[in-house]
Amino acid sequence: MNNHTFFHSVYLNEELCNGCINCIKRCPTQAIRVRNGKAVITSQFCIDCGECVRICAHHAKRSHYDRTDILSNYKYTVALPAPSLYSQFNNLNDINIVLTALIYMGFDDVFEVASAAEIVSEVSRAYIDEHPEKWPLISTACPSVVRLIRVRFPNLIDHLLPINPPVEVAARLARKYAVEKTGLAPEDIGIIFISPCPSKVAYAKEPLGTAKSDIDGVLAIKDVYPMLLPLMVEAEKKPMDLSRAGRIGVGWGSHGGEAAGIVTDNYLAADGIENVIRVLEDLEDEKFSNLSFIELNSCDGGCVGGVLTVENPYVAQAKLKKLNQHLPEVVTRAPSDLAEDEINWTEEVEYLPVFRLGTSMKESIMMMNRVERLCQKFPGLDCGACGAPTCKALAEDIVRGKANETYCIYILKDQIHSLTRSMNSLVNSASAYEMKGNDYRYIFKQYLRTLLSDISLLDAALNLNKEDKDV
């Protein structure tokens with residue numbers, strides 16, 4: 001198994017977890033199991049997409065992010081509002097109102113991620129045109145999609161667009177401009193991203209395509225939103241002229257916005273992690289032809305559907321579309337002094353074989369054959385009562401040494417029935433052949449101990465799924 005260590009924004013609050021199976025059924029990488037009545041997240045499988053946060057009715061899945069008091073850690077702070085932030089407010093017709101409210105909130109300056117998105121769009125158009133041999137190029141703006149490709153679709157890694165996402169470009173330019181403006185040392189300047197999702201929180205701590213991110217902290221849109229509402233009332237009276245983004249940049253907040261910025265009809269755009277996986281599977285099978293660009297967003301509706309937002313993603317899409325009607329097409333162009341490391345990847349994204357069963361080809365084949373044999377023994381219902389999402393997932397857990405066959409309550413039930421029949425046969429044999437008392441009691445006790453042990457296992461298996469109505 002790969003020894004790579006992972007930082008994750010998504011985590012479990014065990015006190016709130018009831019051991020239901022909603023999360024294991026929705027996790028796109030089958031990273032969650034229910035063991036001993038609680039969910040368990042397998043770190044190396046998790047891509048921080050936030051689906052478990054979205055689906056958990058008990059709010060046991062959470063996301064790590066910073067609190068607003070992080071602003072006091074720096075002499076000068078710059079807010080990086082995601083384009084999706086603008087879509088959270090009703091009747092917004094001037095982005096400057098939101099940006100001015102961020103200044104009132106305590107930031108010293110703002111640098112729109114939408115502005116950096118326009119730069120990334122311009123650079124991406126040129127890269128796509130210059131590299132037809134890599135078509136279709138896959139967007140790298142969504143960290144969860146890049147992580148998914150890194151662990152499940154190694155053949156597609158070469159198709160990743162090797163350009164930093166807008167949030168990283170915004171962070172680097174914001175720090176550079178703040179140093180020039182204030183004369184402060186770079187470490188005295190706090191670059192704070194206002195994020196719609198846990199995926200970008202994880203990116204700030206463990207970036208892809210670069211050794212270290214320039215993002216110093218990440219706030220959740222859902223935390224900032226209620227703080228901005230009263231401040232926006234004041235900001236509306238006299239908004240500052242702060243916005244430097246047009247339709248292309250702001251449009252990145254919604255599904256299809258990035259592709260619109262590429263300005264091509266030769267593209268495919270998909271949102272929602274399950275749809276993304278289907279596209280990647282078909283792409284790996286070479287079912288697409290003549291595409292130059294593929295935009296993929298793990299959240300429904302794009303970034304407006306992130307689990308750290310407050311608005312319905314489809315309502316937010318409509319709001320963003322209406323807001324864009326008032327904007328020019330493009331405001332920000334790529335600066336002439338844009339450095340290579342500010343815009344391009346400096347490190348390769350490598351395949352991490354976290355799902356590989358064995359350490360060698362021979363061992364992997366042997367383990368896969370065992371998985372197939374186990375799957376033939378299981379009922380194939382994928383009920384989740386064992387704490388794994390599918391029968392195949394349980395078989396893989398068994399082969400990895402993390403479970404056993406009796407986790408399947410159907411196999412356990414059959415074992416108990418078999419043992420009961422054996423005990424009944426023993427009783428009949430004792431009566432028929434007048435077995436000596438001591439021999440009879442000893443064998444009977446052994447059967448009884450085994451029966452009680454198996455019943456305990458059955459109770460434990462049933463408790464894993466005590467809230468599932470289908471079992």
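Lys319 counts as buried, its relative accessibility being 17%, where buried means under 20% relative accessible area, exposed means over 50% and partly exposed lies in between, for a 1.4 Å probe and protein chains only. This residue sits in helix H13 (residues 313-324), helices being DSSP runs of H or I with at least four residues and strands being runs of E with at least two, numbered from the N terminus. Leaving aside residues up to four places away in sequence, Lys319 touches Ser87, Gln88, Phe89, Asn90 and Glu311, a contact being heavy atoms within 4.5 Å.

The model is predicted, and local features need pLDDT of at least 70, side-chain atom pairs count only at pLDDT 80 or more, and totals for chains, interfaces and linings use all residues. Residues are numbered from 1 along each chain as its sequence is written, and side-chain values use heavy atoms, with hydrogens and water left out.

**Helix H9**

- Helix H9 (residues 221-235) has 15 residues, yet its end C-alpha atoms are only 18 Å apart, short of the 21 Å that a straight helix would reach at 1.5 Å a residue, the expected span being 1.5 Å times one less than the number of residues.
- A kink of about 40° lies at Leu229 in H9, shortly before the proline Pro230; the bend at a residue is the angle between axes fitted to the seven residues ending there and the seven starting there.
- The buried residues in H9 include Ile221, Val224, Leu228, Met232 and Ala235, and what covers the buried residues of this helix includes helix H3 (83-86), helix H4 (95-105), strand S8 (189-195) and strand S9 (217-220).

**Helix H8**

- Helix H8 (198-205) is mostly covered, with seven of its eight residues buried, namely Pro198, Ser199, Lys200, Val201, Ala202, Tyr203 and Ala204.
- These buried residues of H8 pack against strand S1 (10-12), strand S4 (61-63), helix H6 (143-152), H7, S8 and S9.

**Cavities**

- Rolling a probe the size of a water molecule over the atoms shows where empty space is left.
- On a 1 Å grid over the protein atoms alone, a cavity is a set of points where a 1.4 Å probe fits but cannot get out, a pocket is an open set with protein on both sides within 12 Å along at least five of seven lines, and lining residues have an atom within 4 Å of a point.
- A search of the whole structure finds eight cavities of 30 Å³ or more, and the largest cavity has a volume of about 280 Å³, where grid points are joined across faces, edges and corners and a volume is the space filled by probe spheres set on the points.
- Of the 25 residues that line the largest cavity, Ala141, Lys200, Trp252, Asn297 and Cys303 are the closest to its centre.
- At least two residues of this cavity's lining are supplied by each of H3, helix H5 (113-130), helix H7 (166-182), H8 and strand S11 (293-297).
- The lining of the largest cavity divides into 16 nonpolar, six polar and three charged residues, with Ala, Val, Leu, Ile, Met, Phe, Trp, Tyr, Cys and Pro counted as nonpolar, Asp, Glu, Lys and Arg as charged, and the others, Gly among them, as polar.

**Largest pocket**

- About 490 Å³ of space lies in the largest pocket, which is lined by 18 residues, Phe355, Leu357, Lys392, Glu396 and Arg400 lying nearest its centre.
- The elements that give two or more residues to the lining of the largest pocket are H15 and H16, and the largest share, six residues, comes from H15.
- The lining of the largest pocket divides into eight nonpolar, four polar and six charged residues.

**Backbone features in loops**

- The peptide bond from Trp135 to Pro136 is cis, with omega near -10°, and Pro136 is found in the loop between H5 and strand S7 (137-138).
- Asn36, in the loop between strand S2 (32-35) and strand S3 (38-41), has a positive phi of about 55° although it is not a glycine, and this residue is exposed, with a relative accessible area of 79%.
- Asp382, in the loop between helix H15 (361-377) and helix H16 (391-399), has a phi near 50°, a positive value in a residue other than glycine, and counts as partly exposed at 33% relative accessibility.
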